[in-house]
Amino acid sequence: MNAQKTYQELLNLDQDEKYAYQYYLRTGKELSFFQAYAVGIDNPAWEGEPDFSRLETPEAQKHFAELDAIFAQDADHEQSSDITLAEKLFILKDYNVEIQRAQRYIRMFPHRHDFFEIECTLRDSGLHYIGGECIEMHAGDICIVPPGARHNTYLYPDGIMLNIKIRKSTFENVFTNILQDRTALSEYFVKTLYTAGYCNSLTFHCGDDSFITDLLLYLYEEQFSGKPYSNKVIDGLIMTFFAYLIQNYDDTLEFSSASSNSIERIIEIENYIRQNYKDATLKSTAEHFYLSPQYLSTIIKKQTGKSFTEIIRTIKMQHARDMLMNTKMKIDDICEAVGYHDTTQFIRTFKKQFGSTPKQYQKQNMA
């Protein structure tokens with residue numbers, strides 16, 4: 001990998017940005033997403049000079065101003081237009097992770113997404129708006145945005161930011177090791193996965209760390225390499241990325257806002273389940289927290305959207321998958337190790353979780 005070459009390529013403007021830059025030089029303003037779309041749709045082949053005339057009529061200015069106002073409204077406002085970007089459209093097929101460069105000179109509208117997004121500022125700075133807060137992003141800052149959080153980012157003209165998108169739907173299965181340790185990062189991911197409506201961002205301040213920069217540049221290069229097993233390589237690099245953040249920058253992290261007591265309580269409960277997944281039952285967990293089983297079941301469902309049974313089944317399957325891929329244990333032994341007494345039931349549950357039987361899964365992923 002030629003990190004310097006990749007870095008220089010990131011400095012170059014793409015075609016959308018070139019048009020937006022010309023508009024910036026002409027007016028001193030950035031194009032909005034909708035204005036950029038209007039210019040691009042008039043010239044899909046990107047030939048010749050851009051035509052900004054359709055943006056400058058009184059009718060057009062009023063139209064785009066109204067669009068901006070609607071999307072700037074809070075989601076609770078009756079006139080707001082709250083858009084959720086779906087992972088099936090914004091993350092490459094067969095990939096758990098996709099990385100791309102944030103655009104400059106184009107203002108993105110506030111939006112949500114059903115996947116994780118990690119904003120990595122490599123050069124200069126920018127602004128991140130989330131939950132009514134404005135967070136200034138500097139070079140070396142790594143900001144994790146959870147699914148469901150309404151946000152948008154403004155990148156300064158000379159800035160470089162890479163956006164890493166990670167599927168929530170596969171996070172528990174692919175990055176399960178991150179959830180096992182009691183670190184600030186693991187507890188943060190537990191909150192976002194198991195607590196309905198948790199929308200706080202988490203920022204690490206890494207400063208001028210050449211390892212982080214090179215790792216992100218390698219991720220970006222790997223994304224577009226076209227090499228076989230690129231998706232697997234990227235998954236592995238993301239695990240390294242998370243581990244490095246925990247190892248070196250755990251003491252720098254900042255949350256966008258404080259968590260409520262109810263959220264903290266459900267995280268405490270979930271951590272107990274994760275530590276005692278093999279034998280934990282609804283009754284034994286309720287007794288541990290001095291609650292009735294019915295009340296515990298109610299608050300788990302209310303806060304996470306999942307039942308106790310669904311949560312513990314997912315955790316057991318995560319451990320089973322890890323044993324299958326990282327040990328030489330037999331299926332019967334793995335079944336017993338995660339608390340199942342019926343191998344047939346274990347295989348059926350595993351197939352429902354991962355789409356194939358344990359042996360099929362092992363064969364597919366060890367190839």
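## Report on the predicted chain

The protein chain, seen here as a predicted model, has a secondary structure that comes to 18 helices and 13 strands. Of the 367 residues in the protein chain, 49% are buried. When contacts between residues at least 6 apart in sequence are considered, 74% of them join residues that lie at least 24 apart.

Strands of a sheet pair through backbone hydrogen bonds, in either a parallel or an antiparallel sense. Strand β7 (residues 125–130) pairs with β8 in the antiparallel sense over six bridges, and serine 125 stands opposite histidine 138 in β8.

### Packing of α15 and α17

Helix α15 (residues 308–326) packs with helix α17 (residues 343–354) at an angle of about 95 degrees, and their axes are 10 Å apart. Because angles of 65 to 115 degrees count as roughly perpendicular, α15 and α17 are roughly perpendicular to each other. On the side of α15 the contact is made by Arg313, Thr314, Met317, Ala320, Arg321 and Leu324, while α17 contributes Phe346, Thr349, Phe350, Gln353 and Phe354. By class, the residues of the contact of α15 with α17 divide into six nonpolar, three polar and two charged.

### Cysteines

A disulfide is a covalent bond between the sulfur atoms of two cysteines. How many disulfides does the count come to? With a cut-off of 2.5 Å between cysteine sulfur atoms, the count comes to zero disulfides. For cysteine 143, the closest cysteine sulfur is that of cysteine 120, at 9.4 Å, which is too far for a bond. The table sets out the relative accessibility of two cysteines, among them cysteine 143, which counts as buried.

| Residue | Relative accessible area | Class |
|---|---|---|
| Cysteine 143 | 0% | buried |
| Cysteine 199 | 29% | partly exposed |

Since buried means under 20% relative accessible area and exposed means over 50%, cysteine 199, at 29%, is therefore partly exposed, whereas cysteine 143, at 0%, is buried.

How values were computed:
Residues are numbered from 1 along each chain as its sequence is written. This is a predicted model: local features need pLDDT of at least 70, side-chain atom pairs count only at pLDDT 80 or more; totals for chains, interfaces and linings use all residues. Side-chain values use heavy atoms; hydrogens and water are left out. Axes are lines fitted to C-alpha atoms, for helices over the stretch in contact, and angles run from 0 to 180 degrees between N-to-C directions. Helices (H or I, at least four residues) and strands (E, at least two) are DSSP runs, numbered from the N terminus. Angles under 35 degrees count as roughly parallel, over 145 as roughly antiparallel, 65 to 115 as roughly perpendicular and the rest as oblique. Contact means heavy atoms within 4.5 Å. Ala, Val, Leu, Ile, Met, Phe, Trp, Tyr, Cys and Pro count as nonpolar, Asp, Glu, Lys and Arg as charged, and the others, Gly among them, as polar. Buried means under 20% relative accessible area, exposed over 50%, partly exposed in between (1.4 Å probe, protein chains only). Two strands pair if DSSP finds at least two bridges between them.
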